[in-house]
Structure formats: structure tokens, C-alpha cells
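The stops below are meant to be selected in order.

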Amino acid sequence: MIEFYLSELRELCKGTLQGEDLIIKAVSTDSRNCRGALFVALRGERFDAHDFVKAAVANGAVAVAVSRDVGRVSVPVLLCQDTLRLLGFCGLCVRKKSLAKVVSLTGSCGKTTVKELTAGILSLCGNTVSTRGNFNNDVGVPLTLLEINKDTEYAVIEQGASHLQDIARTCEFVQSDVALINNAGSAHIEGFGSKKGVYLGKSEILQDVFKRGGVGIVPSDSEWIECWKSDFGGEYAQGRLLTFGTHEDDFVRLMSVKTGEEGISFVINADGKIFKTSLPLLGSHNAMNAAAACALALCAGAKHACLKQGLEKYQPMQGRLCVKHFGSFTLIDDAYNASFNAVLAAADVLSGCHGHKVMILGDMGELGTEAASLHIKAGEYAKGRTDELWCLGELTKQTCAAFGHGAKHFDSHEDLIKEACELALSDLHACFLVKGSHAMHMDLVNQALIKLGEKQ
């Protein structure tokens with residue numbers, strides 16, 4: 001982490017400093033692990049870290065940041081209105097002192113894959129910091145920025161959102177040089193209010209980067225492409241709004257995509273330089289994710305020669321179309337989460353697999369007034385792409401009805417797991433694809449099938 005003075009933070013958050021000014025060399029939100037650090041007392045729905053300020057001091061915190069009186073402590077206290085925003089300002093203190101090229105990205109799905117692919121490319125070009133996992137919220141974004149040090153040359157920041165202004169809020173601290181929208185689909189509609197709300201929410205990242213003279217990148221194959229070209233017409237005319245996709249005029253163009261059970265192959269035309277590659281990723285949508293990563297990395301300053309090598313470093317992440325072959329069945333673990341567009345992509349992946357295909361689907365979450373219609377559309381789309389559709393959750397009852405013959409609805413994980421294990425041991429050689437919103441705990445199905453498969 002790049003050091004900063006407590007007084008610099010006080011100025012940004014317009015707070016009050018009680019005690020002496022200090023050089024801050026580390027920041028922590030964990031009272032158990034804060035030796036030598038500034039302890040930031042966050043508040044959540046079920047906890048209030050202000051109750052642990054004295055414990056943090058006892059554990060070695062050199063200063064504390066709070067939003068209410070916590071009594072007398074033996075270290076400097078920075079009192080502010082909002083400690084969550086103050087944590088963001090900690091990240092901003094580091095960001096402002098860094099010489100790193102900072103790129104950011106958002107999207108309805110595929111963000112983490114694009115982030116990992118981009119970081120893989122940029123890591124060949126210099127010291128690179130990137131968001132860990134999908135730690136992309138008001139807490140995760142500042143903590144990622146705090147990992148930047150004086151030697152960092154590139155930072156890849158993933159920004160998530162489920163409501164309007166979520167991205168704008170984290171943009172205040174990220175201040176990226178290049179920003180990319182991977183897609184703007186039917187995810188978090190409950191929070192955004194509508195599909196247009198999703199578009200507006202994702203576009204906050206463009207508004208932020210353009211006001212500082214930076215570069216924005218959007219998908220040309222999106223239904224929103226004409227809106228982006230219109231809403232950001234000046235930047236598009238200036239060449240600061242770039243596109244990736246399957247069109248001839250794209251900055252990065254994706255061509256000749258071939259999919260299989262072991263991965264994908266495709267051709268990339270990256271700003272006039274063409275190369276072919278293969279990746280151990282399933283689904284044509286992941287080829288598009290690779291094109292997005294190439295566009296983002298190029299705009300950050302990556303050399304063309306690093307694109308192919310950087311992409312090919314990628315290893316599939318647990319819970320994201322991760323394939324496991326066992327003696328009598330195959331499991332495709334895609335259980336991490338489920339937006340509508342990701343469910344359609346998963347159905348496409350399964351359709352290209354061998355064996356008796358079974359899609360196991362839990363409810364998709366946060367779809368608001370669109371929940372019923374999108375669950376019905378998911379069932380209609382899966383029809384003809386999988387032999388059977390097994391579902392959990394109240395909303396997927398409509399998915400089963402739309403799928404028709406071959407659909408089964410289960411009342412519990414236990415009942416579904418029992419039938420899945422029986423099918424897995426049959427002579428059909430089943431190919432299961434498991435997906436659902438994080439709240440549906442579809443990983444329980446994966447765990448049971450993996451345990452069964454490892455015994456074979």
C-alpha cells in the first residue's frame with residue numbers, strides 16, 4: 001500500500017481528527033487483524049464494528065475511524081459521517097498517489113472472467129493488481145485500491161452494481177483511465193427498476209471516465225449500442241468510445257468462434273493485428289469475454305504480443321462453467337450465480353455436450369417485476385437444448401411449465417440430489433449443468449455429485 005497521512009484522509013472525508021497526525025501504512029476493517037493499521041469501523045445490517053474499537057486498539061491498531069462517539073481510546077480518532085465512504089477515501093488516497101494505469105469494468109454478467117483475462121494480459125506487461133474474486137462492492141473496491149503500491153503499473157478494478165448510483169459511488173474512488181461495460185442485460189432488475197435502468201446504471205462508468213478525458217469501451221452486439229453512440233456521441237466521434245464485438249468496425253473484433261466440450265477457439269482482430277487462440281472455457285459468450293479483455297488491456301497500454309499469451313494463461317474458476325469428468329457422468333459447475341443472460345448462455349453450452357443432458361436450475365434472483373416472464377423465457381429457451389430440466393425454487397415452477405415434457409420440479413435439495421445421484425450411476429452417462437442464484441445454494445448439488453464422482 002502507498003502510505004498517506006491521516007490528515008489527508010480527514011480533508012477528503014471532511015471529518016474531525018482527535019489526536020496527532022500519523023502516516024498510515026495499512027488499513028483494516030477487521031478488529032482481530034489490524035496491527036499497525038488504521039481500523040475503519042463499518043456498520044452493517046447485522047453488525048456494528050464500533051462495538052469492537054477498543055478490541056482493535058488492543059490488537060495493535062495505530063488509529064481508528066468512526067462515525068459515532070466510542071469513548072476514550074489511546075490512539076488518534078478520525079470522526080466522520082460515514083465510515084463506509086471513508087474507506088473509499090482511503091482507496092482514493094492511494095489512487096491519487098499512484099502512477100499505475102487504472103482500468104475498470106462492469107456488466108450484468110461475465111465481469112469476473114473479463115477481469116481475470118485482462119489481468120492475465122497486463123501481468124505480462126508489468127506489476128498488476130486486480131480485484132480478488134468478485135470483491136466488487138463498496139467495501140471490495142476500496143480494499144483493492146489499497147493493494148496498489150509504488151511498483152504497481154496496472155490495476156484492474158471490477159465494479160458491481162444492483163441499483164442506480166452504485167457504480168457512480170465507487171467511481172469516485174477508482175477514477176479509472178479506461179472503463180468497459182461488458183454487457184447490460186437482465187440482471188438486478190429489481191434494484192434498477194427496469195432494463196433501461198440497467199443500461200443507465202452501467203453507463204455511470206462511462207460518464208465518470210469521459211469527464212476525465214478517458215476511454216470507454218462497449219459491446220457492439222448489445223441491444224443498447226445505438227443508445228451509447230447517441231448518449232455519448234461526442235466521445236464516439238472523438239474515438240474515445242470504442243467497441244468490441246463481431247462487426248468490421250470494432251476496435252477488437254471476434255471472428256470464427258468454435259465451441260466444444262473442452263473449450264473454445266476463435267480469431268481476434270485487435271486493432272488490425274490478428275491472432276487465433278484456444279481457451280479451456282465453455283461457451284461462445286466466453287470468446288466475447290476474451291475480446292472484451294483484449295480491448296481493455298490494449299487501451300491500458302498492453303502490447304499486441306501479450307494478448308494471446310495472456311489469454312492462454314487463464315484457468316477456469318470454480319462455479320463458472322467448470323467441467324468435471326467422472327466415470328459415469330459429467331458435471332458442469334456453473335452454480336456461482338445466475339442472471340437471465342447467463343442462464344441462456346449455460347443452456348447453449350449444455351446443448352453442445354454429449355450424453356444425456358440435464359440442466360439443474362434454481363431460481364434467478366433480483367428480477368423484480370420481470371421475474372415471472374424471464375423464468376418462463378428461460379424454460380422456453382432451454383427446450384430443445386437439454387433433454388431434461390430439473391428445478392428448485394418457487395419461480396422455476398413456471399420455468400418447468402414452459403419447458404414441458406422432461407421438466408421436473410423438486411421441493412428440496414435432498415430430493416433433487418437423490419435423483420441426480422441415481423441418474424449419475426445409470427448407464428445413460430448424464431451430463432449435468434448446475435446453475436442458480438447464489439441464494440439458492442445450488443453448490444450443495446455440485447458438492448454431492450463431486451463426492452459421488454470421486455468415489456468412482
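In what order do the strands of the nine-stranded open sheet lie? In this predicted model, the order is β9-β10-β8-β11-β12-β13-β14-β15-β16, and the pairing is mixed.

**The nine-stranded sheet**

Select 128-130 and 273-279 to see the edge strands, β9 and β16, each of which pairs on one side only. Neighbouring strands here are turned by 15° against each other on average, with direction ignored.

Next, select helix α12, residues 304-311. This helix packs on the sheet, where it touches β15 (264-270) and β16, and its direction makes about 10° with that of β16. Helix α8, residues 195-211, lies across β8 (101-106), β11 (178-181), β12 (215-219) and β13 (241-245), and it runs at about 160° to β11.

Now go to the loop between β15 and β16 and pick Asp271. Its phi is near 50°, a positive value in a residue other than glycine. Most residues other than glycine have a negative phi. Asp271 is partly exposed, with a relative accessible area of 47%.

Show the side chains of Leu206, Trp228, Ile332, Met359 and Leu433. Of the 46 residues in the largest nonpolar core, these five touch the most other members. Which helix gives this core its largest share? Helix α13, residues 340-351, does, with seven residues.

Centre on Leu206. Leaving aside residues up to four places away in sequence, Leu206 touches Ala179, Ile181, Gly216, Ile217, Val218, Trp228, Phe232 and Leu241.

**A helix pair**

Select 83-97 and 166-174, helices α3 and α6. They pack at an angle of about 35°, and their axes are 7 Å apart. On the α3 side the contact is made by Arg85, Gly88, Phe89, Leu92 and Arg95, and on the α6 side by Glu172, Phe173 and Val174. These residues divide into four nonpolar, one polar and three charged.

**The six-stranded sheet**

Move on to the open sheet with the order β17-β18-β22-β19-β20-β21, six strands with mixed pairing. At its edges stand β17 (322-325) and β21; each has a single partner strand, so one side of each lacks a neighbour in the sheet. The twist averages 20° from one strand to the next.

Select β22, residues 430-435. Is this strand enclosed or open to the outside? Six of its six residues are buried, so β22 is largely enclosed by the rest of the structure. Ala430, Phe432 and Val434 are buried on one side, and Cys431, Leu433 and Lys435 are buried on the other, so to speak both faces of β22 are covered.

Strand β18, residues 329-333, pairs with β22 in the parallel sense over five bridges, and Asp333 stands opposite Val434. Strand β19 also runs parallel to β22, joined by six bridges. Here Ile360 stands opposite Val434, and Met359 has Leu433 as its bridge partner.

Select α17, residues 443-454. This helix lies across β17, β18, β19 and β22 and runs at about 145° to β18. In the loop between β22 and α17, pick His441. Its phi is near 55°, again positive in a residue other than glycine, and His441 is partly exposed, with a relative accessible area of 44%.

End at α15, residues 396-403, whose buried residues are Thr396, Thr399, Cys400, Ala402 and Phe403. Why do they count as lying on the same side of α15? They cover an arc of only 165° around the axis, which puts them there. Their cover includes β19 (356-362), α14 (371-382), β20 (388-392) and β21 (407-410). The helix packs on the sheet, touching β19, β20 and β21, and its direction makes about 165° with that of β20. Just after α15, Gly404 takes a positive phi of about 85°.

Terms used: Residues are numbered from 1 along each chain as its sequence is written. This is a predicted model: local features need pLDDT of at least 70, side-chain atom pairs count only at pLDDT 80 or more; totals for chains, interfaces and linings use all residues. Side-chain values use heavy atoms; hydrogens and water are left out. Two strands pair if DSSP finds at least two bridges between them. Helices (H or I, at least four residues) and strands (E, at least two) are DSSP runs, numbered from the N terminus. Axes are lines fitted to C-alpha atoms, for helices over the stretch in contact, and angles run from 0 to 180 degrees between N-to-C directions. Contact means heavy atoms within 4.5 Å. A nonpolar core is a set of buried Ala, Val, Leu, Ile, Met, Phe, Trp, Tyr and Cys residues joined through side-chain atoms within 4.5 Å. Buried means under 20% relative accessible area, exposed over 50%, partly exposed in between (1.4 Å probe, protein chains only). The arc is that of the directions from the helix axis to the C-beta atoms. Ala, Val, Leu, Ile, Met, Phe, Trp, Tyr, Cys and Pro count as nonpolar, Asp, Glu, Lys and Arg as charged, and the others, Gly among them, as polar.
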